[in-house]
Amino acid sequence: MLEIRGLSASINDKPILKGIDLTVPPGEVHAIMGPNGSGKSTLAYVLSGREEYAVTGGSVTFNGHDLLTMAPEERAAAGVFLAFQAPIELPGVGNANFLRTALNAIRRAHGESELDAVQFLKLARAEAKRLAMPDDMLKRNVNVGFSGGEKKRNEVLQMAILRPKLAILDETDSGLDIDALKIVADGVNELRSPEFSALVITHHQRLLDHLVPTRVHVLAGGRIIRSGGPDLALELEARGYAGLVAEAA
Amino acid sequence: MTAAVQTGVDGFLARYRGLRDRLPGDRAERDAAAEAFRRAGLPGRRVEAWKYTDLRPVAAAAFAEPLPPLAADSAWLARIPQLDAPRLVFVDGRYHPELSVPPAALRFTPFAARAEFGKLAQPEREPLVALNTMLAEDGAGLHIPEGMDAGTLHLVSLATDSAGGSTAFHPRHRIRLEPGAKLTLLETSTGDGAYLHNPVTEMHVGKNAELTHVRLQDESTDAFHLATLYVQIDEGGTYDSFVLNLGGRMVRSEVHAHLTGRNGAAHLNGAQLLTGTQHADFTSVVRHDAPNCNSRQTVKNVLTGRSRGVFQGRIEVARHAQKTDGYQMNQALLLSPDAEVDTKPELEIFADDVKCSHGATVGELDAEQLFYLRSRGIPDGEARSILVRAFLAEGLQAVTQDNIRAILEDSVERWWQRQLA
């Protein structure tokens, strides 16, 4: 269970988040929607531990852990996964090696045995196949020369292999065609279980057709101004954010 | 056995006086070199070419004469990378037949047996080349006949620290590829103790010939490794080189590449990993003297501790060398606040239709890349290590022979493990 209480954060002394309250119970998928610059990506980064953001108030607990005191790698070991809006390229780092290093680091943190290259490749190939990713994406350098869609799928592949308890998807749907969108949504749906929850940041209803959220929250000006069921996303699609933001003001 | 201890320019000159009548080869050339060396001395930072690499520590060090090479000791072979190829082994600068496996197909002549100085080296302009010309005793002479693919050859320099004091040796290598010939040369330098390894290499890549030259410099961290290389590349010829600097107390890899015919190519790539108070310098002069040639140079530096990396790259384009394509890049990762890199690129272009560019980057690890790795559960130290190795791996991609690249990767990995330990 993720519990965010009164979370405020700034970057370069500029306040971005201004008191976020949000609870995501296990087994639920919550969508966060909102206009550009409302703080959606900042929320994702703060939850995953990006050091450039200063937390100025509030608390975040995740399955009993005080998330804000943990290093990014400790959060990952506790089950937090951020699918980046703009996945980072790592020239000189092979994708398969990267994934195996990450998986083994997390397994080590859990006191589990590490996978050798053969065991890992078997697992990775099966997951890649399920995501309709060509085998050679495992051999290439991480995200180098990948198309926008391939990068997003590579994020979902990492998620499928690392099996997080909380996935934060930061506009993973942007730049995807409809087929890729389905693949991504299926990748998340595949992980859905009573122990898994997800925070899905998106601009569009489109993804939520395939990845049906339990709750939808509207973030504007660093605060959650409205929450509702899946229908809220449809309402936003029809009316836009402007009306809602005006109502909340 | 006691060896004569000598210091500074006077010491080297005294040694030449003592050896003069016993050294092989043209005495007039040696005398001229001795005179040039006497005039130039071992320059310090007031001399522009030596502004960043000051030779005064070499002048201050005491060097004994190397003793005659040890009897064959195959334990030394375990110190060098295993390459399935013929090898020429030089111990304390002298050819060692028992440790060597000379190539069957091509002509190899030790310098000691037939001492001929080539026309490319310029002792009157380079003090270390003058020192070498004055005192060179041995080296590898190789001749690859027209059209022959000579495969791969391993040239090894071992310093044994057996003289009971610092030794100085000045090997003189000459390699000539006739038109259409091919050779891949791996050069490994390693050793124990304090010594001066001052090789001069003259290479001639004939028309449409291809020379791949990879150097693994893994000298003792008390050693001076000051290597000067001259290469002439004729029409359509390719000189494709890579230098990996890991060892040495003070290191200079100086290359003078001369493109003399159309469509020639000179690739002078490299990487250096330095720690402690190590100092290593890449200096190159590429002269484009014909149209349609290309030169490429990417050097990567990983600097820790109080180490210092130097890059001086000069591209000269003659008036008639139209359509020249020249590229230079020096990249440095500074992993400690006390490490330093100095970069001095120079372009001297007299032709009007050329494409020449140079650049340099100096920095720490990329914060976004580091966060990406850590967000996947990889601990900070391991994430940093991955990024450093990736930075180098990218550089090593320039080595296209898989077996030789694997040797370099292995050396880098062992270096890195030593830093982590």
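Two residues are said to be in contact when they have heavy atoms within 4.5 Å of each other. By that rule, 19 residues of chain B are in contact with 33 residues of chain A. The model is a predicted one, in which local features need pLDDT of at least 70 and side-chain atom pairs count only at pLDDT 80 or more, while totals for chains, interfaces and linings use all residues. Residues are numbered from 1 along each chain as its sequence is written, chains are lettered from A in the order in which they are written, and side-chain values use heavy atoms, with hydrogens and water left out.

The size of an interface is often given as the accessible area lost when the parts come together. Here chain B and chain A bury about 2,000 Å² between them, 64% of it on carbon and sulfur atoms, where buried area is the accessible area (1.4 Å probe) that two parts lose on being put together, summed over both. Three residues, F371(B), Y372(B) and R376(B), supply 40% of the area that chain B buries against chain A, more than any other three residues.

Charged groups also meet across this interface, and the rule finds five salt bridges between chain B and chain A, a salt bridge being a side-chain nitrogen of Lys or Arg within 4 Å of a carboxyl oxygen of Asp or Glu. In one salt bridge, the side chains of E51(A) and R374(B) meet at 3.3 Å, N to O. On the side of chain B that touches chain A, α5 (367-375) and α6 (380-396) of chain B each supply at least two residues, and α5(B) gives the most, with eight residues; such helices are DSSP runs (H or I, at least four residues), numbered from the N terminus.

Over all chains, the structure holds 53 salt bridges. Another salt bridge joins the side chains of R239(A) and E235(A), at 2.8 Å, N to O. Because R239(A) and E235(A) are four residues apart in helix α9 (residues 231-239) of chain A, about one helical turn separates them.

The side of chain B that touches chain A can also be sorted by residue type, which gives ten nonpolar, three polar and six charged residues. In this sorting, Ala, Val, Leu, Ile, Met, Phe, Trp, Tyr, Cys and Pro count as nonpolar, Asp, Glu, Lys and Arg as charged, and the others, Gly among them, as polar.
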